[in-house]
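Grab a pencil and let's work through a few exercises on this protein. Look at the picture, try each task, then check the steps.

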Amino acid sequence: MKAGLMVAGFATLSLLMAVPAGADQSAQPAPAADAMFAQPFIDKDEWRDAPVRHRYVHGGFTGTETRFSFYFPDKAHYQGRFFQHITPVPDSENNGQLPSVGEEDKVGFALASGGYFVETNGGGRGQVGMPGTGVDPTIAAWRANAAAAAYSRVVAQQMYGGKRPYGYAYGGSGGAFRTIGSIENSAGVWDGVVPYVMGSTMAIPNMFTVRMHAMRILKDRWPQIIDAVEPGGSGDPYAGLTTREADALREVTKMGFPTPSWFGYRTMGVHGFAALYQGMVMADPSYFTDFWTKPGYLGFDNPGDFDGARVQHKAQVIAAITAAEAARLKLNTSVVDGRKDGGVDNAFAALQGEGAQLIVAYRLSSAPPAVDFLGGDLILADGRRLALSRIVGDVVILGVADPAIAASVKAGDTVQVDNSNFLAAQTYHRHQVPGRDFPVWDQFRKSDGTSIYPQRPMILGPLFVQATSGSQLTGKFAGKMIVVENLWDREAMPWQADWYRQRIAAHLGAATDDNLRLWFTDHALHGDSSRQEDPTRTVSYLVRAATGAARPFGLGRTGRRPACQHRLSHCRRASDRPDRCGCAQWPPADRAGQRQWRREGAGEVRRTGRLCRQHRRAAGRGADRGGGMGF
């Protein structure tokens with residue numbers, strides 16, 4: 001293990017709650033009024049007893065689709081703060097009421113931490129930003145959430161009195177983009193934020209395309225690659241690979257994909273690309289023709305690379321399959337794992353919508369040829385397309401598809417199952433070479449700095465990020481921030497957090513360490529779930545810990561930790577050298593000790609937050625005073 005497991009999740013938020021003695025909450029500027037959200041209303045106001053007794057307030061803003069839910073503790077337990085979760089895409093304002101326990105219980109955490117909880121629908125599903133849609137991205141990116149947060153303070157002060165409540169927002173993956181966009185575009189709304197498993201302005205769609213290319217080329221080689229990099233292996237994942245296979249592995253590794261994380265090759269799929277694909281086609285439609293017809297593109301230069309992989313199968317529709325029928329047939333019709341709870345691994349499933357659940361698949365007159373199908377299109381006779389997620393015999397299952405188009409397909413219609421665009425997408429990143437501030441793309445430059453491959457007229461990544469966050473991740477913000485990134489993340493390559501740190505440093509200079517912390521978690525994946533596909537390999541970065549247990553990571557005013565750079569030893573640098581402590585919170589340096597710590601020490605921390613006497617003393621200093629950030 002290259003670095004010790006770092007407590008993240010809700011423990012991270014606990015570090016946003018310590019300010020110097022005498023700090024004045026009123027010093028924060030008042031949020032600017034937004035005319036779109038000038039008329040808030042409340043349509044439900046009641047006391048509830050689960051998970052603990054709290055006041056539930058639901059409402060919205062007249063003339064908009066924005067809806068919010070507030071969860072207030074009773075006055076005796078209120079300590080002057082709120083927490084707001086920001087989902088990866090506009091979702092439901094009622095996610096907090098879905099069954100959840102332990103570290104996944106966002107409402108329970110907020111109430112137990114002396115705060116109230118805020119969540120919104122991000123302006124409504126119709127506000128999903130995507131290049132070419134014409135939707136105002138600022139609404140879902142930050143304005144709807146900012147308006148709800150600002151109004152929550154009005155309700156809170158009517159209920160509790162006192163000073164302005166401190167506010168903290170957090171969100172992962174696409175929610176990290178929206179969390180950063182929120183604090184970069186507003187003033188006086190949030191005092192601190194925790195974006196986690198974040199990407200960069202070049203993340204979309206490139207982090208998905210490069211992995212899809214490797215998945216296709218190396219589909220029969222993953223067991224030996226994984227064996228090579230795991231304990232007891234040779235350490236050489238390229239041993240025994242052909243030149244073509246080694247090139248594919250080297251390409252994805254240089255782009256930042258963590259090699260040990262390939263253990264999940266059977267289940268990882270295309271993840272969020274299912275939702276991004278249509279936007280990519282809309283933004284750059286000519287690419288998918290150029291790929292097969294012009295020099296410099298893999299489809300033209302080496303069409304044999306796709307032998308046995310490309311499907312162009314014509315058939316007739318025998319019958320549409322509804323969600324109820326699919327359940328009886330035991331078909332997996334979700335683009336993810338069937339859960340829709342606002343989490344970073346499945347939030348984009350919300351884009352399927354209720355209408356798309358009516359027709360979820362079609363039975364065809366003949367089965368397409370068996371290939372390793374990662375996704376594709378069902379092309380209708382009039383040229384319209386429906387995204388496909390998988391094929392089961394003669395049944396084709398829809399991905400994120402337009403429900404109106406899905407409902408228009410009738411029995412007897414001639415259709416074509418075609419994965420040509422999906423195959424073309426797999427090397428799109430080669431034709432999207434950005435500036436030198438993205439060194440992972442240097443592998444696609446010649447020695448003179450020019451691009452090896454023909455470049456597209458536009459770079460799509462910034463367009464997707466603008467549509468998601470309402471900004472370009474400038475690094476310019478007022479407040480405090482902790483970025484949590486995971487070293488085994490397959491969707492948000494971990495180098496991207498340091499890329500953003502450099503943008504912040506360019507703006508804040510010497511003040512960077514006063515406003516930013518960058519945390520890496522080893523052996524952790526992308527999903528913000530306590531459930532692990534293989535608990536022997538990975539850990540959850542959602543660890544429910546008390547404020548005191550978390551303080552050695554922030555050090556409050558008792559020590560100063562620099563904003564982390566790639567060397568993870570920086571993350572453990574502190575005045576009391578906790579890495580040399582025998583406390584269960586910190587793993588030893590030798591491998592045998594690390595294995596024992598993973599079996600015993602880490603579990604002890606997760607269960608109890610146990611600290612040694614030295615760290616208990618450190619945790620007691622600079623205790624929570626109600627807001628700010630534990631620096």
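**Exercise 1.** Find the strand order of the open nine-strand sheet, and say which strands sit at its edges.

Step 1: Walk across the open sheet of nine strands and you'll read β1-β2-β3-β5-β4-β6-β7-β14-β15, with mixed pairing. Strands are DSSP runs of E, at least two residues long, numbered from the N terminus, and two of them pair if DSSP finds at least two bridges between them.

Step 2: β1 (40–48) and β15 (516–521) pair on one side only, so those are the edge strands by that pairing rule.

Step 3: Ignoring direction, neighbouring strands here are turned by 15 degrees against each other on average.

This is a predicted model, where local features need pLDDT of at least 70, side-chain atom pairs count only at pLDDT 80 or more, and totals for chains, interfaces and linings use all residues. Residues are numbered from 1 along each chain as its sequence is written, and side-chain values use heavy atoms, leaving out hydrogens and water.

**Exercise 2.** In which sense do β3 and β5 pair, and over how many bridges?

Step 1: Locate β3 at residues 67–73 and β5 at residues 115–120.

Step 2: Their pairing is antiparallel, over four bridges.

**Exercise 3.** What share of the protein's residues is buried (under 20% relative accessible area, 1.4 Å probe, protein chains only)?

Step 1: The protein has 631 residues.

Step 2: Buried ones make up 60% of them.

Conventions. Buried means under 20% relative accessible area, exposed over 50%, partly exposed in between (1.4 Å probe, protein chains only). Axes are lines fitted to C-alpha atoms, for helices over the stretch in contact, and angles run from 0 to 180 degrees between N-to-C directions.
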